[in-house]
Amino acid sequence: MNLPPLVQSFVLHFGEMGSRWGINRTVGQIYALLFVSPAPVCAEEIAESLGISRSNVSMSLRELQAWNLVILKHKPDDRRDFFTTPDDVWQILRTLAEERKKREVDPTLSVLREILMQRPASDAERHAQQRMSEMHTLIEQLTHWYEDVKQLETERLATLLSLGAKVTKLLEAKDRVVSLGRSRRPYSANKS
């Protein structure tokens with residue numbers, strides 16, 4: 001690789017992580033390079049920087065474009081295509097979440113819906129269908145939650161994420177208040 005050591009470390013790590021996330025190592029490396037580059041980069045520069053073939057760069061860039069994770073740019077008097085990533089890391093997160101939902105969650109929900117509409121032919125199928133129904137309900141709830149969360153402004157989303165364990169404490173306090181309200185109702189009903 002023809003990169004400064006700090007950039008090379010990040011690019012190599014992102015490539016390794018990419019393979020764990022289910023994407024090609026080279027795709028991960030290219031994305032990392034584009035993310036840290038101060039200006040849009042053309043395919044030839046990517047190939048030279050990473051020491052990979054031009055065809056591998058082209059295929060990887062097409063995959064990143066299919067995921068809506070790179071932005072195509074043009075420079076005056078230059079016919080080459082240049083690539084970059086969105087500047088806003090929150091936009092990258094939103095795009096990645098939406099694309100993964102389309103590719104992984106939505107098809108799973110469709111299959112579960114189809115299976116749950118079938119009439120079970122045995123106790124084993126009834127049991128399996130019940131378990132799949134539980135999974136379907138959970139995924140639907142997560143999908144609805146995701147739809148609500150993705151509408152949040154970036155600042156509100158950052159605040160929500162920073163709350164962490166405070167949300168649990170808030171829910172516990174709410175439960176205590178509701179429980180206290182329930183325990184007082186019979187008493188006030190008896191007083192009347």
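Since the model is predicted, local features need pLDDT of at least 70 and side-chain atom pairs count only at pLDDT 80 or more, while totals for chains, interfaces and linings use all residues. Residues are numbered from 1 along each chain as its sequence is written, and side-chain values use heavy atoms, with hydrogens and water left out.

Rings of Phe, Tyr and Trp (its six-membered ring) are taken as a pair if their centres lie within 6.5 Å; planes under 30 degrees apart count as stacked, over 60 as edge-to-face and the rest as tilted. That rule gives four aromatic pairs. One of them joins F10 and F35: the ring centres are 6.4 Å apart and the planes sit at 40°, so this pair is tilted. It ties together distant parts of the chain, with F10 in helix α1 (residues 5-20) and F35 in helix α2 (residues 25-36), 25 residues apart. Helices here are DSSP runs (H or I, at least four residues), numbered from the N terminus.

As for accessibility, buried means under 20% relative accessible area, exposed over 50%, and partly exposed in between (1.4 Å probe, protein chains only). F10, at 29%, is partly exposed, and F35 is partly exposed too, at 34%.

Next comes F14 with W21, an edge-to-face pair at 5.5 Å centre to centre and 80° between the planes. W21 is partly exposed at 41% relative accessibility. F10, F14, W21, Y31 and F35 make up one aromatic cluster.

Then there are the charges. A charge sits over a ring if NZ of Lys or CZ of Arg is within 6 Å of the ring centre and within 35 degrees of the ring normal. K75 has its charged end over the ring of F82, 4.3 Å from the centre, and R103 has its own over the ring of W67, 4.1 Å from the centre.

Methods
Helices (H or I, at least four residues) and strands (E, at least two) are DSSP runs, numbered from the N terminus.
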